[in-house]
Amino acid sequence: MAAPALAADVAPRSLASEILPPAMPWKGASERLIVPAGDPWITPAEAEGFRTTPRYAEVRAWLERLAAASPLITVKSFGRTTEGREMIYVRASKGGATKPVVLIQGGIHSGEIDGKDAGLMLLRDIALRGKDNLLDKVDLVFVPVYNIDGHEQRSAYNYPH
């Protein structure tokens, strides 16, 4: 049996489907957190039925729009990657009191992006959907994609999609 082709024109999805077992159906209480199609604040992953994840520019644009819509959300830069991409974090905070800060990092490894997509949903719900009570005793700092350069590098072995 020949090894699967690794040429650039071979879609990573087909290679992944040859190597990985089929996806299991997902059922659970967290399904109720998914907004319906057509919701103005649907996240990119929700809009795609969680079959794919957004690129960094799309994540950033969505977060900038959220920050413009809510005084609880700010987007700031904290440096640049080795390839020159601007690294961002999101701060969710209410009230002027000094509180403990909870740091959440998503996208530490290029193909492990569930935390990024879940974080966007959480920020939406805090900023616009009545979950701001989560900020009563803490502030939240969220780095949606820590390994931006790896996140943006798509290949069969780095970021199957």
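Visitor: What do the buried residues of α3 pack against?

Guide: They pack against α2, β1, β2, α4 and α5. Contact here means heavy atoms within 4.5 Å. Helices (H or I, at least four residues) and strands (E, at least two) are DSSP runs, numbered from the N terminus. This is a predicted model: local features need pLDDT of at least 70, side-chain atom pairs count only at pLDDT 80 or more, and totals for chains, interfaces and linings use all residues. Residues are numbered from 1 along each chain as its sequence is written, and side-chain values use heavy atoms, with hydrogens and water left out.

Visitor: Which residues of α3 are called buried?

Guide: Tyr 56, Val 59, Trp 62, Leu 63, Leu 66 and Ala 67. Buried means under 20% relative accessible area, exposed over 50%, partly exposed in between (1.4 Å probe, protein chains only). Seen down the axis of α3, the buried residues fall within an arc of 140°, so they line one face of the helix. That arc is taken from the directions from the helix axis to the C-beta atoms. Ala 57 and Ala 68 are exposed, on the face of α3 turned away from its buried side.

Visitor: How do you know that the span of α3 agrees with its 14 residues?

Guide: The expected span is 1.5 Å times one less than the number of residues. For α3 that gives 20 Å, and its end C-alpha atoms are 20 Å apart, so the two agree. Helix α4, with 15 residues, reaches 21 Å, close to the 21 Å expected.

Visitor: What makes a set of residues a nonpolar core?

Guide: The members are buried Ala, Val, Leu, Ile, Met, Phe, Trp, Tyr and Cys residues, joined through side-chain atoms within 4.5 Å. The largest such core has 23 residues, and Leu 63, Leu 66, Ile 73, Val 90 and Leu 123 have the most contacts inside it. The biggest share comes from α3, with 6 residues. Leu 66 touches Ile 73 and Leu 123, among others.

Visitor: Why is Asp 117 said to have no salt bridge?

Guide: A salt bridge needs a side-chain nitrogen of Lys or Arg within 4 Å of a carboxyl oxygen of Asp or Glu. The nearest side chain of opposite charge to Asp 117, Lys 116, is 4.2 Å away. Lys and Arg count as positive, Asp and Glu as negative; His and the chain ends are not counted. Asp 117 lies in helix α4 and is buried. Asp 117 touches Ala 45, Thr 53 and Pro 54, leaving aside residues up to four places away in sequence.
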